[in-house]
Amino acid sequence: MNPQQLFDLSSRIALVTGASRGIGESIAKLLAASGAHVIVSSRKLDGCQRVADEIKEAGGSAEALACHIGEMEQIDACFNAIEAKHGKLDILVNNAAANPYFGHILDTDLGAFQKTVDVNIRGYFFMSSAGAKLMKKGDGGSIINVASVNGVVPGDMQGIYSITKSAVIAMTKAFAKECAQQNIRVNALLPGLTDTKFASTLTSNDAILKMALMHIPMKRVAMPEEMAGTVLYLASNASSYTTGSAINVDGGYLLV
């Protein structure tokens, strides 16, 4: 097969959450550049619309759709809208996440705990469930969960976030096992430290950053676009026999 055909996403409908900036924005733009019609989703419509407009200006196909994955009613409305307009879903990238607390695990309050769990576990679970049900009505599809290296090695002062990302890795494997017969592949991306607003607590503090880089063999922070290529692989025919995998994109962090 022609290498370009392996990564060709023409005629596919892709939903990317948390796509108004950072890693999600980079993923949305690469999937669109590879031929997919991308539904750019996040909590606030204006940020999604900016990304969708930039995709269209670059010759791609996109639309904006607001959805807060921590709200069950919004998840239902999101997939009802997609089914009504497109009748199918081929690719789901669960990228939106919450990390409201940075501090000692013993000081985690109920509000921070609940918000992190509601988005990172409950949100991913029911987004995956709704997405897979819609994929079943078509020819199957690919779900990619953006987890974190913190799901393997808990991050300092990021206890509940790390716990939820570990759950995402387990969730990926559970969905992969039970959805394989429906031609639905489910995999996870595990980013390392990446230069995003989400990670600014770490990257903007020189002392914390210096300490973090000591544990990264490549000795640098990743750029958001460096995460997108792995998602393209997992969304495309290039990974047609890949399911239940958790791929580290971390500059070697988990090797140390």
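**Aromatic cluster and surface patches**

1. Phe125, Phe126 and Phe175 form one aromatic cluster, where rings of Phe, Tyr and Trp (its six-membered ring) pair if their centres lie within 6.5 Å, planes under 30 degrees apart counting as stacked, over 60 as edge-to-face and the rest as tilted. This is a predicted model, in which local features need pLDDT of at least 70 and side-chain atom pairs count only at pLDDT 80 or more, while totals for chains, interfaces and linings use all residues. Residues are numbered from 1 along each chain as its sequence is written, and side-chain values use heavy atoms, with hydrogens and water left out.

2. Searching the whole structure gives 2 aromatic pairs. Phe125 and Phe126 have ring centres 5.0 Å apart and planes at 70°, so they are edge-to-face. Phe125 and Phe175 are also an edge-to-face pair, at 5.2 Å centre to centre and 70° between the planes; this pair links distant parts of the chain, with Phe125 in helix α5 and Phe175 in helix α6 (residues 159-179), 50 residues apart. Helices here are DSSP runs (H or I, at least four residues), as are strands (E, at least two), numbered from the N terminus.

3. Phe175 is buried at 11% relative accessible area, whereas Phe125 is partly exposed at 37% (buried means under 20%, exposed over 50%, partly exposed in between, with a 1.4 Å probe and protein chains only).

4. Leu106, in the loop between β4 (91-94) and α5 (110-136), is exposed, with 73% relative accessibility.
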